[in-house]
Amino acid sequence: AKRLAQELDVKELGQYVRELFDKWMDTGAEAKKKWVLYAASIHGQEEAVPLFRHQIQEWPQHARGALAAEAVKALALNGSSEALLQVDQISRKFKFRQVKAAAAQALDYAASSLGISRAELEDRIVPDLGFDESMKRTFDYGARSFHVYLTPALELEVFDENEKRLKSMPAPGKKDDPEKAKASYEEFKQVKKQLKTVAANQKLRLEQALSAERLWNAEQWKALFVKNPVMHQFAIGLIWGLYKDGALTATFRYMEDGSFNTMDEEEYEFPADGQIGLVHPIELPEEERKVWKEQLADYEVIQPIEQLDRPIFRMDEEERGKAELTRFGGKVLNGLSLSGKLQGMGWYRGSVQDAGVYTTFYREDGAMGVELEFSGSYVADENDEVTVYGALFYQAGTVARGSYVYDTVKKEHQYRLDQVPPRYFSEIVLQLTRATASSQEKLDYPECRR
């Protein structure tokens with residue numbers, strides 16, 4: 001197919017395969033002709049991405065999750081940064097586990113083909129959207145040109161050649177070069193749209209990096225957060241830490257002018273090597289958190305994700321040594337609310353068993369997983385009241401899940417609560433606090449299990 005495509009006009013081929021996709025859809029999108037997905041994605045150029053995005057959202061709601069999963073894998077081969085951003089977004093936050101898993105597999109496959117980790121691939125696919133390191137991009141209309149700047153709030157500011165700020169990018173005029181002006185104007189609209197997707201993706205990614213303690217070496221950190229203008233704008237609003245053997249040894253801020261600051265506003269010498277990650281507030285004494293907050297307020301910096309103001313949850317003394325987290329046991333709330341909130345935060349439904357009932361939610365992050373048990377919901381009707389039970393932490397990958405699978409967390413794979421890293425414990429408690437916030441009634445636990 002590649003050899004044949006080389007002889008064809010790229011634009012005409014793109015239009016042809018997109019029309020082919022439309023005709024396949026008109027005839028019911030037969031699964032046995034799913035090769036159309038790959039033809040349309042690989043040769044359909046960036047214009048094919050919205051077609052795929054729509055169908056990936058639509059198909060799972062009509063019992064066609066397998067086709068949506070196939071579409072995600074095809075989309076990963078489109079070649080455009082927009083397509084990879086969509087796949088990345090689906091892999092992080094998507095209602096249907098089958099499709100979300102397919103996106104993760106597509107990224108894993110791409111990473112393995114390049115000989116790098118999945119996390120490194122995700123770093124690489126963050127686009128710069130054409131901005132240089134001074135956060136500037138020029139759009140040429142022929143007779144005139146416009147400078148667009150990326151602000152720390154990840155918004156676009158437009159200036160004319162005399163550096164006069166404009167409300168928005170002007171439409172092409174009579175004196176402009178028709179082709180250049182039209183192309184630049186359309187490109188600007190595309191950049192504006194892409195910026196929204198990129199910003200949403202990276203917020204999710206940084207939230208997950210904070211929760212799961214993602215670390216970069218010094219070279220990787222600079223390549224992502226200094227060289228990339230989009231990530232640069234995220235970096236200046238966050239507090240970073242230097243880690244050694246998993247322990248925080250120093251904290252610093254990256255400044256807009258490219259320098260680094262300590263908590264006391266002294267210059268910080270960026271390390272030539274070492275591991276760098278987002279500082280979690282549970283790692284900082286109250287006084288240090290206060291000083292960092294004051295510094296951000298002085299510079300009028302609004303953090304792009306909740307970091308210093310993030311609620312902290314520590315283990316109670318009575319929980320130490322126990323296997324089950326029972327803080328939320330007995331809470332009664334609407335099943336649809338519980339399901340929606342947990343899945344929105346990256347949890348999955350557990351195995352669906354007899355009569356379409358499921359009784360657990362779970363998530364796995366690296367080597368650790370957590371499973372929340374509750375009284376149960378029907379897949380087709382989650383709107384009844386449910387009662388939350390306890391949560392178990394366990395070794396990820398040790399529980400089989402699926403339709404009519406009855407595997408459970410075994411004792412030999414469990415972690416006691418005091419074996420769970422404080423950062424991860426705090427994050428899980430935060431998520432469960434938010435997921436059960438609408439509860440107005442709490443039964444005695446474990447008695448309510450009867």
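Trainee: In which helix is Asp 123 found?

Mentor: Remember that this is a predicted model. Asp 123 sits in helix H8, which covers residues 118-124.

Trainee: Is Asp 123 buried or exposed?

Mentor: Look at relative accessibility. Under 20% counts as buried. Asp 123 has 13%, so it is buried.

Trainee: Which residues is Asp 123 in contact with, leaving aside neighbours within four places in sequence?

Mentor: There are Arg 205, Arg 214, Trp 216 and Leu 224. Take Trp 216 from that list. Its side chain makes a polar contact of 3.0 Å with the side chain of Asp 123.

Trainee: How far apart are the C-alpha atoms of Asp 123 and Asn 228?

Mentor: Compare the chain with space. Along the chain, Asp 123 and Asn 228 are 105 residues apart. Their C-alpha atoms are separated by 9.9 Å.

Trainee: Now the sheet. What is the order of its strands?

Mentor: Read across the sheet, strand by strand. The order is S1-S2-S3-S4. The sheet is open, and its pairing is antiparallel. Strand S1 (136-140) and strand S4 (165-166) are the edges, each pairing on one side only.

Trainee: How many bridges join S2 to S3?

Mentor: Four bridges link S2 (residues 145-150) with S3 (residues 156-159). Follow one of the residue pairs: Tyr 149 has Glu 157, in S3, as its bridge partner.

Trainee: Which helix lies across S1, S2 and S3?

Mentor: Helix H9, residues 178-212. H9 runs at about 145° to S1.

Note on methods. Residues are numbered from 1 along each chain as its sequence is written. This is a predicted model: local features need pLDDT of at least 70, side-chain atom pairs count only at pLDDT 80 or more; totals for chains, interfaces and linings use all residues. Side-chain values use heavy atoms; hydrogens and water are left out. Two strands pair if DSSP finds at least two bridges between them. Helices (H or I, at least four residues) and strands (E, at least two) are DSSP runs, numbered from the N terminus. Contact means heavy atoms within 4.5 Å. Axes are lines fitted to C-alpha atoms, for helices over the stretch in contact, and angles run from 0 to 180 degrees between N-to-C directions. Buried means under 20% relative accessible area, exposed over 50%, partly exposed in between (1.4 Å probe, protein chains only). A polar contact is a pair of N or O atoms within 3.5 Å; within protein, one must be able to donate a hydrogen and the other to accept it, and residues adjacent in sequence count only if both atoms are side-chain atoms.
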